[in-house]
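Subject: Structure handover

Hello,

Here is the structure for you to look over. My notes follow below it.

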Amino acid sequence: MSTTEPAPPAAAPRSAAPVLGDMPPEEFRRHAHAAVDWMADYLAGVERHPVLSRVQPGDVAALIPPSPPSQGEDFAGVLADVERVVMPGITHWNHPGFFAYFAITGSGPGIIGEMMAAALNVNGMLWRSSPSVTEVEERALDWLRQMLGLPEVFRGTIQDTASISTLVAIATAREAARVGVREMGMSGRDLPRMRVYASEQVHSSIDKACITLGLGMEGLRKIPVDAEFRMDAAALDAAIEEDRAAGMLPFCVVATVGTTSTSSIDPVAAIADVCARRKVWLHVDAAYGGSAAAVPELRWILDGAERADSVVTNPHKWLFTPIDISVLYLRDPELCRRAFSLVPDYLATPEGASVTNLMDYGPALGKRFRALKLWFVLRYFGAEGVAARIREHVRLARELAGWIDAEPFWERMAPTPLSLVVFRHRPAGMGEEETDAHNERIMAAVNESGRIFISHTRLHGRIALRLAIGNLRTQEPHVRAAWDLLRKTGDELLRVRSPTFGRESIP
Ligand code: PLP
């Protein structure tokens with residue numbers, strides 16, 4: 001579709017528009033029912049769509065008039081435009097063949113929670129600005145804490161994303177270091193370089209937090225990993241000592257449970273030992289992996305996190321709650337309050353310190369009622385239902401890992417502790433550069449097929465394919481079909497290159 005095509009004419013103005021005020025209740029009911037019917041049909045038939053959107057840049061915008069309608073439009077036409085304008089540009093994260101990044105799904109109860117939160121449209125910045133926002137959040141996060149096996153001392157707060165949770169955690173760690181940044185800032189003063197430590201496999205959100213907090217990218221020191229992509233705790237200890245000797249101020253370590261590239265799990269207990277000895281803050285990034293601790297036999301992944309100062313996990317990643325919702329657990333929420341609380345006159349309330357005011361625990365004032373969807377999800381599935389679903393995803397990933405291990409000329413490039421499988425096709429006699437290009441071609445071809453969507457990473461400089469399982473609709477036949485497609489595509493691409501290449505040594 002060309003981006004120069006003229007935009008379609010605007011829909012006809014609606015006939016019985018109210019002069020002022022909102023959409024009348026009966027009209028709302030009619031359209032909302034239609035929207036819910038559409039959602040139910042969409043979710044039931046999501047497999048009909050290509051997983052990865054096929055639009056070209058600008059295609060969607062070209063379907064939207066450049067100026068807003070001067071008169072209100074008939075809402076049935078607006079809803080119809082979801083099919084015409086929006087759907088072609090949707091990459092279907094709900095599709096059971098979605099295996100890219102970290103595969104996530106919302107769920108029925110989560111979607112209903114999101115809709116109801118929108119209807120209530122409350123701002124839970126203060127306890128009194130809507131007490132249920134605070135109290136449902138406190139209860140739901142305490143339920144989740146119990147499900148993950150974190151100790152009672154931890155108190156949760158909801159942020160939008162793990163990036164912001166980690167930013168809040170590092171800002172709180174800086175407050176705990178008592179260097180007066182809140183009052184004096186970081187520049188134009190006598191302050192040693194402050195340093196955060198994380199493994200070479202850490203998510204880019206940690207770098208971004210350091211940029212945002214004025215620590216700079218040099219304020220983050222990356223620690224080497226072992227053969228299984230886990231942080232080397234001894235190297236961490238040595239790095240902190242070296243930096244201290246150089247006059248720097250080490251103040252925070254970020255350990256990852258479920259790294260983005262490979263889902264490796266840092267040795268949190270050994271890292272907690274280092275942090276205790278060196279008196280630095282320990283933040284655990286369990287944005288994706290954390291949910292797996294709800295499975296009793298996987299609870300070990302958070303071993304050592306009970307000694308952390310803060311832990312982030314994202315229900316919007318592997319806990320079936322629609323994006324966005326991230327949970328930051330803090331051992332001492334008062335430190336976070338000290339870092340962020342600022343109460344102008346108009347926000348002072350008579351409840352004082354007897355209540356929690358959510359605005360005190362991060363940079364944002366306004367607070368969406370995100371806890372409602374999480375509460376619905378936890379109640380609908382129950383702790384055992386959540387565990388059973390995550391357990392199945394891990395089982396499917398291990399099945400796939402086994403098929404890859406058993407297949408000549410395919411290899412896993414990292415262990416599979418959770419539900420992410422990292423691998424490549426390695427035809428006989430193919431050099432490293434060419435193997436990279438070959439795997440990129442495989443990825444492009446399978447993604448173009450519309451049947452699956454996978455992503456990639458680089459390990460030791462080489463391209464690795466990532467297939468992540470985390471979608472409620474993904475079942476074993478989907479994973480089997482994905483594997484068949486990958487193998488077939490790998491072989492076909494080789495045949496195009498040369499009819500025998502890569503198979504010479506197959507008996
Ligand atoms: N941490 C890890 C380990 C991640 O994998 C990701 C995203 O995939 C993030 C943090 C950032 O998550 P968010 O998109 O919620 O900021």
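The ligand has 13 residues around it, and those that come nearest are Ala162, Ser163, Thr260, Asp285 and Asn314. Please keep in mind that this is a predicted model. By class, the shell around the ligand holds 3 nonpolar, 8 polar and 2 charged residues. Two helices each supply at least two residues of that shell: helix 6 (162-176) and helix 11 (315-318).

Next, the side chains that reach ligand oxygen atoms. Ser163 places a polar side-chain atom 2.5 Å from one oxygen atom of the ligand. For Lys317, an N or O atom of the side chain is 3.2 Å from a ligand oxygen. His316 has a polar side-chain atom 3.5 Å from an oxygen atom of the ligand. How much of the ligand's accessible area does the protein cover? On its own the ligand has 390 Å² of accessible area, and the protein covers 86% of that. As for the site itself, the ligand takes up the space of the second largest pocket.

Now the aromatic rings. The count of aromatic pairs comes to 13. One of them is Tyr101 with Phe453: the ring centres are 5.7 Å apart and the planes stand at 85°, so this pair is edge-to-face. The cut-off for that label is over 60 degrees. Where do the two partners sit? Tyr101 is in the loop between helix 3 (75-86) and helix 4 (108-120), while Phe453 is in the loop between helix 14 (432-448) and strand 10 (455-459). The pair therefore ties together parts that lie 352 residues apart in sequence.

Two backbone points are worth a look. The peptide bond from Ile323 to Asp324 is cis, with omega near 10°. Asp324 belongs to the loop between helix 11 and strand 7 (326-330). Helix 11 is also one of the two helices named above for the ligand shell. Asn121 is found in the loop between helix 4 and helix 5 (131-148).

Best wishes

Terms used: Residues numbered from 1 in each chain as written. Predicted model: local features only at pLDDT ≥ 70, side-chain atom pairs only at ≥ 80, totals over all residues. Heavy atoms only, no water. Near = heavy atom within 4 Å. Polar contact = N/O pair within 3.5 Å; in protein donor to acceptor, adjacent residues only side chain to side chain. Areas by Shrake-Rupley, 256 points an atom, 1.4 Å probe, with all protein chains shown as cover. 1 Å grid on protein atoms, 1.4 Å probe; cavity = no way out; pocket = protein on both sides within 12 Å on 5 of 7 lines; lining within 4 Å. Sits in = over half its atoms within 2 Å of the grid points. Helix = DSSP H or I, 4+ residues; strand = E, 2+ residues; numbered from the N terminus. Nonpolar A, V, L, I, M, F, W, Y, C, P; charged D, E, K, R; others polar. Phe/Tyr/Trp six-rings, centres within 6.5 Å; stacked < 30°, edge-to-face > 60°.
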